[in-house]
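Trainee: I've just opened this one and would like someone to walk me through it. Can we take it piece by piece?

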2 protein chains.
Amino acid sequence: MWRGLQVREQSLLSLLLPGLRSRGPRLQCQAAIRALTGGPGPGPGGLRGELDRFGGITVRLGQLRSADSVDPATFRTWLQGKCEQWRAEGRIAVWLHVPIFQSQFISPAASLGLRFHHAESDASLMTLWLGEGPSRLPGYATHQVGVAGQCPSFAQSNNFFVLFSGLIIQTKNAWKFPGGLSEPGEDIGDTATREVLEETGITSEFQALLSIRQQHGRPDAFGKSDLYIVCRLKPLSFRVSFCPHECLRCEWMALAALATAEEATPITRRVASLLLYGHREGFDKVDLTVRELPALHRGLSYKLYHRDLPELYEKMSAMD
Amino acid sequence: MWRGLQVREQSLLSLLLPGLRSRGPRLQCQAAIRALTGGPGPGPGGLRGELDRFGGITVRLGQLRSADSVDPATFRTWLQGKCEQWRAEGRIAVWLHVPIFQSQFISPAASLGLRFHHAESDASLMTLWLGEGPSRLPGYATHQVGVAGQCPSFAQSNNFFVLFSGLIIQTKNAWKFPGGLSEPGEDIGDTATREVLEETGITSEFQALLSIRQQHGRPDAFGKSDLYIVCRLKPLSFRVSFCPHECLRCEWMALAALATAEEATPITRRVASLLLYGHREGFDKVDLTVRELPALHRGLSYKLYHRDLPELYEKMSAMD
């Protein structure tokens, strides 16, 4: 592989520096190649590319022996030579990891066509597709996930009738279920119970997933897509103590009233109907229940939600 | 608000430059403040902060009249003074938009405590929480969304028996349903039919959502979380022409065999069971169907998936 590259770079050099090939011994030629492209050894500050199993090359600026000793122009020259080399070798992409305090190397890399794949906290990742056709590199996270929790229960009305009620909050725009955005790494059910507790003071337990909404291009999601999941929870406490920063009001409301309330969002009304239906005919009519299964990635597991299966079917596939 | 700030900055200045307040006229004092903090007018290169409705300040480096005329040290001094000012004014956060070719300003901003919120393609967004307690700023997208499509149908076996079959592909690791990652802005059903077509050559139509998996910390998702959704599709063609880059084999397999096949992933087996159950008792037992509803954000709509409601309940909440 490296031999092919040397031949290619030597012919490039013959064009750039005519007479070079005929002039000197082999070592002299190799030194000239190294000076121009970063050569076969490590680049400035000890930089080098690592080949991954997909045929991409990773360069980590964090491995620079001293970032200050490498100026952006030297880095650019090295990276330009390397990109030429990697393309000639059939590599499909470059991944450049840039610690935030080495961001002076971003513009030079961008001038060679690299673009941000993503950045988070104190590092960014840039990439350049070297293969043929449009890029086949995986994208970054495309969705935020919001989760709301509904705690259907029986609550006494003012007239001492016991009503099948749900816990709702009133915000500036409408009545809706308590909920909020998933924290990184948080399970759907945990987001639901955490948000319900934070916003209403009610403790609860996850029961099932009821509904999923997908929406794109949300202005409040930095243009990304949003998945909003409504869960059915079992309330474990009943005394409301709501968060005044997040709600104007919070109360137990009869679900039959909520299902037709104009002040409620369309999703809130629909989920109220789902719960009434479940209450009368059995929640198994509306629930997606959860099971935890081992993942292919060692040591990891995942949560899988689907309709409950009758025992016959459950047993059939349960070799997990 | 600005008056309060001037008083605060003047007392700061009195500490830094003793005698300043007594020494000169009002104008001289204001010029000194401006020199130190960027003052009340625009900063270097015309930079200025814009107040948003949440009490945050946005600075756009793209509005620099000429980025080259502002050196990173001058920018740092201006931003440091401004951050002091905004904190004193009770602003809760700074959002700094950085076009990729102005990335030389990232390190100076980072030295003042700003960190990446996210970056994409040719821009990054940095942020600093100025309010009390831990940051309450919204995060960025946390999940990638993968979608698989299952096309249950009747296929003739080699022995001329007609079997209830599903379309599966064989990869290096296991047998599974065709599928892949959602493109930005793509609906769940569209991802399913696109991926099935790309991988198997079969055209199909979205019917319902069957199952959702959530998994965290995936090495192949840059450490982010993954939602994997399996859909039920209706096949519109039957001749397989699979993509050799993505599958080793692709075939129609009897779902009863797939539900117990060791070579299939646990999810594949479970979904095969769901489909057998649906085939025998009605797909309404396993489906989450979709409806499109208008969003609060003007001009946008969303797709909502849940269990079908009997007509009585459907009508109740359908004022959407």
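Trainee: OK, and what does B:D220 form a salt bridge with?

Mentor: The partner is B:R218, and the closest N and O atoms of the two are 2.8 Å apart.

Trainee: Which residue does B:R291 bridge to?

Mentor: B:R291 forms a salt bridge with B:D308, where the closest N and O atoms are 3.4 Å apart. This pair links distant parts of the chain, for B:R291 sits in strand β14 (residues 289-294) of chain B while B:D308 sits in the loop between β15 (301-306) and α9 (311-317) of chain B, 17 residues apart.

Trainee: Are those two buried or exposed?

Mentor: B:R291 is buried, with a relative accessible area of 13%, whereas B:D308 counts as partly exposed at 44%. Elsewhere, salt bridges that share partners join A:E183, A:E186, A:R194, A:E195 and A:E198 into one network.

Trainee: How many salt bridges are there over all chains?

Mentor: A search of the whole structure finds 30. One of them is between A:E50 and A:R60, with the closest N and O atoms 3.7 Å apart, and this pair links strand β1 (residues 49-51) of chain A, which holds A:E50, to strand β2 (residues 56-60) of chain A, which holds A:R60. A:E50 is partly exposed, with a relative accessible area of 31%, and A:R60 is partly exposed as well, with 37%.

Trainee: Switching topic, how many residues do chain B and chain A each put into their contact?

Mentor: The contact takes 91 residues from chain B and 90 residues from chain A. Between them the two chains bury about 8200 Å², and 63% of that is on carbon and sulfur atoms. B:F116, B:F222 and B:R270 supply 10% of the area that chain B buries against chain A, more than any other three residues.

Trainee: And how many salt bridges are counted between chain B and chain A?

Mentor: The count there is 4, and a salt bridge also joins the side chains of A:K224 and B:E120, at 3.2 Å from N to O. For polar contacts, the rule finds 36 residue pairs across the interface, with both residues at pLDDT 80 or more. Helix α8 (residues 266-281) of chain B gives the largest share of the side of chain B that touches chain A, namely 9 residues.

Trainee: Which residues is A:A272 in contact with, leaving aside its neighbours within four places in sequence?

Mentor: They are A:F177, A:L255, A:L258 and A:A259. A:A272 lies in helix α8 (residues 266-281) of chain A and is buried, with a relative accessible area of 0%.

Trainee: Now the strands, please. Which strand does β14(A) pair with?

Mentor: β14(A) pairs with strand β15 (residues 301-306) of chain A in the antiparallel sense over 6 bridges, and within that pairing A:E292 has A:K303 as its bridge partner. The two strands form a hairpin with 6 residues between them, and A:G299 in the turn has a positive phi of about 85°.

Trainee: Which residues of β14(A) are on the covered face?

Mentor: The covered face has A:T289, A:R291 and A:L293, and the uncovered one has A:V290, A:E292 and A:P294. In a regular strand the side chains alternate between the two faces of the sheet.

Trainee: Last one, how confident is the prediction for chain A, in terms of pLDDT?

Mentor: Chain A averages a pLDDT of 84, and 84% of the residues score at least 70. Over residues 1-38 of chain A, however, the pLDDT is below 50, and this stretch has 37 contacts in the model beyond near neighbours in sequence.

Notes: Residues are numbered from 1 along each chain as its sequence is written. Chains are lettered from A and ligands numbered from 1 in the order in which they are written. Side-chain values use heavy atoms; hydrogens and water are left out. Buried means under 20% relative accessible area, exposed over 50%, partly exposed in between (1.4 Å probe, protein chains only). Helices (H or I, at least four residues) and strands (E, at least two) are DSSP runs, numbered from the N terminus. Two strands pair if DSSP finds at least two bridges between them. pLDDT is the predictor's confidence in each residue, from 0 to 100. Contact means heavy atoms within 4.5 Å. Buried area is the accessible area (1.4 Å probe) that two parts lose on being put together, summed over both. A polar contact is a pair of N or O atoms within 3.5 Å; within protein, one must be able to donate a hydrogen and the other to accept it, and residues adjacent in sequence count only if both atoms are side-chain atoms.
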